[in-house]
Amino acid sequence: MSDCYINGIANISAQPTSDPNLFLDEIISHKESIFRSHDPNYKEYIKPAAMRRMSKSVKMGVTAASMALKSSGVEMPDAIITGTGMGCKQDSEKFLEKILYDDEQFLTPTLFIQSTHNTVGGQVALGLGCKAYNLTYVQGAASFETSLIDAQLMLSEESEKNVLVGGIDEVAKNSTLLHKLDGQIKGDDINVIDLFNSGTGGTVHSEGATFMVLSGEKTENSYAKMVDIETISKASEVEIKDIIESFLDRQGVTMDSVDAVVLGNNGDIGYDHYYENLQTSIFSNTEQLCYKHLIGDYPVASSFGFWLGCKIFENNRVPSILKVNEVSAKKYDTILLYNQYLGKNHSIALLQRC
Amino acid sequence: MAELKEELKEKIIEQLSLEDVEVSEIGDDDPLFGDGLGLDSIDALELIVLLEKDYGIKLKDPKEGKAIFESIKVMADYISKHRTK
């Protein structure tokens with residue numbers, strides 16, 4: 001696999017992660033099973049005339065994209081690739097409500113325009129005046145990773161390009177609540193920090209955006225090298241163990257040389273065994289880090305893991321709130337990411353310091 | 001007529017999500033598009049729907065909107081003459 005460097009990154013989540021100078025120094029303790037992002041001042045990044053039509057996901061996406069480009073020093077990307085599991089749910093809901101309440105009459109254009117899954121990619125491009133390749137992937141909990149694979153393929157052919165890759169998902173009033181009914185979200189509010197001890201089914205839900213600038217060329221702004229990434233639609237926990245070992249083997253890496261693993265445990269007793277099986281076997285001698293007790297879960301929550309990896313390399317430390325076992329790495333040069341949702345959309349990625 | 005103008009200003013602010021604009025900031029003769037309120041072509045479509053939904057006025061030719069939506073005063077005049085509800 002050709003080289004792929006993360007040369008810029010930004011994140012907006014339920015924690016104050018949008019400030020590039022902070023690394024989970026202050027933690028917001030959420031007490032609900034559905035909670036919102038901690039917002040930066042969007043007016044600093046989006047003109048008022050443009051922002052008045054934007055739902056939360058568009059604001060988060062456009063702002064995170066702007067921040068990521070700034071951190072990379074790239075003004076105009078050669079491609080914009082976004083991933084979202086559920087798209088612009090807020091405006092989709094409003095559009096559907098209007099159809100319902102106005103008896104399928106008087107439909108206005110704004111909500112329809114803003115309700116498509118590729119709205120964020122389009123708005124980022126409009127803001128930049130970027131007419132380059134622009135694609136959005138909707139692949140459940142592997143939407144962000146699928147976008148990364150597309151970027152990786154593009155860079156394998158044209159390494160000099162700068163590809164802006166993002167993942168965005170938002171909470172919406174009604175459609176998010178539906179996931180309480182089907183058991184994906186816990187029925188009762190909990191202290192989210194204690195998510196992994198909940199002992200119940202379902203998880204907690206939130207929203208956020210991560211954008212990265214990828215290139216085949218290392219720069220002085222490079223945060224990490226993305227060695228490789230793989231997605232698996234469906235696998236058993238036994239199969240996942242073998243797949244991760246094969247993945248590492250292909251990179252010429254053993255678990256001994258992985259300094260930390262970043263895992264997507266989300267407190268759902270129905271599916272966290274996928275992680276626990278690894279945590280007590282091939283990951284047992286490796287520092288284990290989890291993050292969904294801070295930011296909740298949503299289809300592109302795994303993009304937070306990439307932000308974490310980059311920040312760990314940048315700061316050369318791990319905030320203690322992330323640690324879930326007693327093993328402490330002596331250095332942070334190689335980080336493995338693993339995520340799944342409901343036993344599907346597994347993703348594995350390997351990051352290295354560069 | 002004054003009441004209709006105020007009502008229009010409130011509806012425009014709400015329908016077009018002009019969150020930072022107050023009713024008192026919109027003059028009766030201020031241009032709604034361009035240098036005035038700064039509305040754009042998508043807003044024009046929203047206003048066409050607003051005319052039909054709230055006042056029962058269906059524009060046969062969307063290009064008519066350019067003259068009708070010149071200002072709050074012109075819009076209120078047109079509505080008062082053509083409204084069916």
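**Notes on a predicted model**

1. A patch of negative charge on the surface gathers A:Glu239, A:Asp242, A:Glu245 and A:Asp249. Patches are made here of residues with over 30% relative accessible area and no salt bridge, like charges being joined within 9 Å and nonpolar side chains (Val, Leu, Ile, Met, Phe, Trp, Tyr) within 5 Å. Lys and Arg count as positive and Asp and Glu as negative, with His and the chain ends not counted, and the place of a charge is taken as NZ of Lys, CZ of Arg, CG of Asp or CD of Glu.

2. Residues are numbered from 1 along each chain as its sequence is written, chains are lettered from A and ligands numbered from 1 in the order in which they are written, and side-chain values use heavy atoms, with hydrogens and water left out. Accessible areas come from the Shrake-Rupley method with a 1.4 Å probe, and for residues only the protein chains shown count as cover; buried means under 20% relative accessible area, exposed over 50%, and partly exposed in between. Helices (H or I, at least four residues) and strands (E, at least two) are DSSP runs numbered from the N terminus, and two strands pair if DSSP finds at least two bridges between them.

3. Strand 2 (residues 79–83) of chain A is largely enclosed by the rest of the structure, because 5 of its 5 residues are buried. In a regular strand the side chains alternate between the two faces of the sheet. Here A:Ala79, A:Ile81 and A:Gly83 point one way and A:Ile80 and A:Thr82 the other, all of them buried. Strand 2 of chain A pairs in the parallel sense over 5 bridges with strand 3 (residues 133–137) of chain A, where A:Tyr133 stands opposite A:Ala79. Strand 2 of chain A also pairs in the parallel sense, over 5 bridges, with strand 4 (residues 162–169) of chain A, and there A:Val165 stands opposite A:Ile81.

4. With strand 1 of chain A it pairs over 2 bridges, A:Ala224 being the bridge partner of A:Ile6. With strand 10 (residues 344–352) of chain A, strand 6 of chain A runs antiparallel and is joined by 8 bridges, and A:Ser347 is the bridge partner of A:Thr231.

5. Over all chains, the structure holds 24 salt bridges (a side-chain nitrogen of Lys or Arg within 4 Å of a carboxyl oxygen of Asp or Glu). One of them joins the side chains of A:Asp3 and A:Lys225 at 3.2 Å, N to O.

6. In chain B, the side chains of B:Glu6 and B:Lys9 meet in a salt bridge of 3.6 Å, N to O. The two residues are separated by about one helical turn, because they are 3 residues apart in helix 1 (residues 2–15) of chain B. B:Glu6 counts as partly exposed at 36% relative accessibility, whereas B:Lys9 counts as buried at 5%. Elsewhere, A:Arg52, A:Arg53, B:Asp40 and B:Asp43 are joined into one network by salt bridges that share partners.

7. Which residue is 38 residues from A:Ser302 in sequence and 8.6 Å from it in space, C-alpha to C-alpha? That residue is A:Gln340, which lies in strand 9 (residues 334–341) of chain A and counts as buried at 3% relative accessibility.

Methods:
This is a predicted model: local features need pLDDT of at least 70, side-chain atom pairs count only at pLDDT 80 or more; totals for chains, interfaces and linings use all residues. Buried means under 20% relative accessible area, exposed over 50%, partly exposed in between (1.4 Å probe, protein chains only).
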